[in-house]
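Thanks for coming. I will go through one model this morning, starting with a helix and then moving to the contact between the chains.

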Amino acid sequence: MAAETSPEETEKPAKKKKIHESAVKLTNVTKRFGDKLAVDELTLNVRAGWIYGLIGPNGAGKTTTFSMMAGYLEPTAGQVEVLGFQARSVDELRGRVGVLPQDALLPALDRVSEFLIHMARLQNLPTTKAIGAARDALKDVGGLDWWDMRCSNLSHGMAKRVSLAQALLGEPDVVLLDEPTAGLDPRVAYDVRQLVKSLKGKCTVIISSHNLQELEEVCDAAAILDHGKLITSGTIAELTAAAEEIHVRIGRATKAAQAAGAPKVQPIPFDAIRQIPGVTRYEFDEERRDLGVFFDRKQTDAETVIGQTLWQLLNAQVRISGVTKGRGLEQRVMDLTDD
Amino acid sequence: MSPAAEISLVAGRELRKSIRSVKGIILGILTLLASFLTVLICIWIETGVRTKVGEGGTDAFRDAYEQAMVKNGTEAGVAHYVAHMPLSLILFLKALVWIGPLLVAVLGFDSVSGDLQHRSIRFWTVRSRRWSYLLGKFFGLWGIVSLVTLALTVISSIAVLIRGYITATDFFTWGARCWLISAFIVGTWASVATFVSSRFKTPLLALLATFAAFFCMWLPGFIGWVSRLTSAINDTSNDLHAQHVNDIRWYEYLYPNGYDDLLLSPKPMHVAAGFGACAVYMIVFVGLASALFAKKDV
C-alpha cells in the first residue's frame, strides 16, 4: 500500500533550513516479533514541514512504526529513511532528529540540567552552546525552574516535559513524538499542543497518539493504521471528508413544546435540503439525530452548504445542537478500523 | 562528532554517576573497610614469614628469601627479582584481583541493562553510535573500579611503608606496578560484565548472569591450580609460582586473575603474554557486545 498526500495549505517555513523534500520515508517496511507480524509492508512518505499523525487502535503498529523511524527497532524487511539516510545513521542524523520516546525513564540520579547538557553535548554542541540549548529547550516546555532538580524528583508531567525538551534540543529538522500528552493534566496537555503547533513550518513533526481530537487539532496529515497495515492516509481535511460533507446534530423540542403536543424532533425539510445547489445526498441517523449532508466539492463548499442547510432547518423550526465540517477524525477512524 | 568524543562523554558521565550514587558510595566504604582488614592480614602474614625466616630487617629478609628460593631450584635471576617484591603488596594484589571482579559485577551489572530496562537507552541511541555508547559504558566501569583499586593500592602501600616493609622507591615502583596489574585484570572482568549487561533487559538477571559468567571463567583457573598443586605435592622440589608462569595451560588463560603471575614475572615475554591476554579478552568481549548491540532492538 502506498500513500502520498500533500497539505492543502503549506505555511512558509519560519527559517531557512536545508531540508529534504521527504522528511521520513518508509518503503515496504515489515516488522516481525517472532511469529507476530507487527507491521506489514507499510509504505509512507512524510513531507518536510508537516505535522503528521500516526493513528490507530492498540496493536495497530503505531509505536512499532514510530520506533523504526527513531532507529530503536530494525525493520525485518523494507527501508526506513529519515532525511534521506537510514534511520540508524547516527552520525548523519545527529542533532537533526529529536525523539520523545513514550515510556523511557529519565536517568534518576541526573539533575535536569546535567541530563539536557549531556544530551546536547552528544549532539556535538560545545559546552557553552549546550548549556544555552538546554536552557532554551527547558524554557520552551515551561520548566526552567526545574534546572537544578534531580530527575527522580520530577512528577510524571514534569518528566514528560523534560523528555520533550531533550527532543527539541538544538532545533532538529525532524521531531518524533510518541504520545506527547499521555498522562498530562489538561492544562499541561494544552500547553504541549500549543508548543507542537508552534513547530509547524519550522520542522517536520510526527506524532503517534490515541488522542484523535488532539491530532485533528494539530496535524496537517495523518496515516491510519490497523493490524500493522496502512488503512488510509492523507491530509486531515481529506481524512475527515471536511470538504465533502457536513453534519448537523438536531436538537429535541423543548419540554414545554412536547407537553403541548409537538413531536420530539421537528420534521426535517429533506426535500428543501436536497434542492440546495451542489448537494448530492443526505443521511439522517434518527437514533443519534445526526443529519449528514453530502455535496460535490467542485460545485460548492462546506461553508455555503452549512449556511443554506441551517437556513432551511431554522425555517422549519428545527432546533440545532451543533454543526461540524466532515465526519470528525474519531468517527472516521471508527469507521475504518475493526472493533 | 568523533567516536572518541562520544566515548569520553559517555564514560565521563558513567564515572560521575558511579561516584555519587548511593550504591557506589556504600560499596566504596565497604571496600575500603574490607581492604583495610586485608592490608592488616597481609602485614601479619609478612611479619610471620619474616619471623620464620628469622630476619627482621628488610634487606636481610630479602637475602634470606632469595637464598631459600635458589635452594628450591628457582633461577638465580628470578629468585632475586621475586625476593625483592614487597611481599605485603604482592599479597594485597592477590586479594585485590579477587575484590576487582566483585566490584565490577556489583557496579557494572546494571550499566547497560538498567538503561535497557527503563528504555533510557533511547535517549542515547539517537545521538551516539551504539558501539561508542557501549565502549563508553565499558571504560566508565573499568575507570571507576580502577580508581577504587588505585585508592586501595595507595592505602596498602602507605601502610607497609609505615611498617617499614617497603622503601619510598618501592612505593612508587611496586605500588604503581601492582595497581597497573590490577587495573588491567579489572579491564578483562569489566569487558565481560559489559557484554553480559548488554544482553539483558532485567538488571537482576544480568547480575546473576555476570556471576555465572565469572564462575565459568574462574573454573579453568581453579582446575589448573589444583592440577599444579597436586604436582607440587608429589614433587616437593617444585616451585609452584615458577611452574605457573613457565607452564601455563591454554585453558588457564580463560581466568584473568591468573595473569597476575605473568604480569609480575621478570621475563618480558611473560609480561607481554599477560598484557596480550588481557587485551584479547577486552577486544573479544567488547567487540562481540558492540556487534550484537548494534543489531539489537531497544
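The buried residues of α13 in chain B are covered by, among others, α8 (130-163), α9 (168-198) and α12 (259-264) of chain B. Helices here are DSSP runs of H or I with at least four residues, strands are runs of E with at least two, and both are numbered from the N terminus. Buried means that 20 or more other C-beta atoms, placed from the backbone, lie within 10 Å of the residue's own. In α13(B) the buried residues include B:Gly274, B:Tyr281, B:Phe285 and B:Phe293.

This is a predicted model, in which local features need pLDDT of at least 70, side-chain atom pairs count only at pLDDT 80 or more, and totals for chains, interfaces and linings use all residues. Residues are numbered from 1 along each chain as its sequence is written, and chains are lettered from A and ligands numbered from 1 in the order in which they are written.

Why does the span of α13(B) agree with expectation? At 1.5 Å a residue, its 28 residues, 268-295, should span 40 Å, and the end C-alpha atoms are 40 Å apart. The expected span is 1.5 Å times one less than the number of residues.

Now the contact between the chains. Chain A contributes 24 residues and chain B 20 residues, where contact means C-beta atoms, placed from the backbone, within 7 Å. On the chain A side, α2 (90-93), β6 (97-100) and α3 (112-122) each supply at least two residues. α3(A) gives the most, with four residues.

Last, confidence. pLDDT is the predictor's confidence in each residue, from 0 to 100. Chain A has a mean of 88, with 94% of its residues at 70 or more, but residues 1-17 of chain A stay under 50.

Notes: A residue is buried if 20 or more other C-beta atoms lie within 10 Å of its own, exposed if 12 or fewer, and partly exposed in between; C-beta atoms are placed from the backbone. Two residues are in contact if their C-beta atoms, placed from the backbone, lie within 7 Å.
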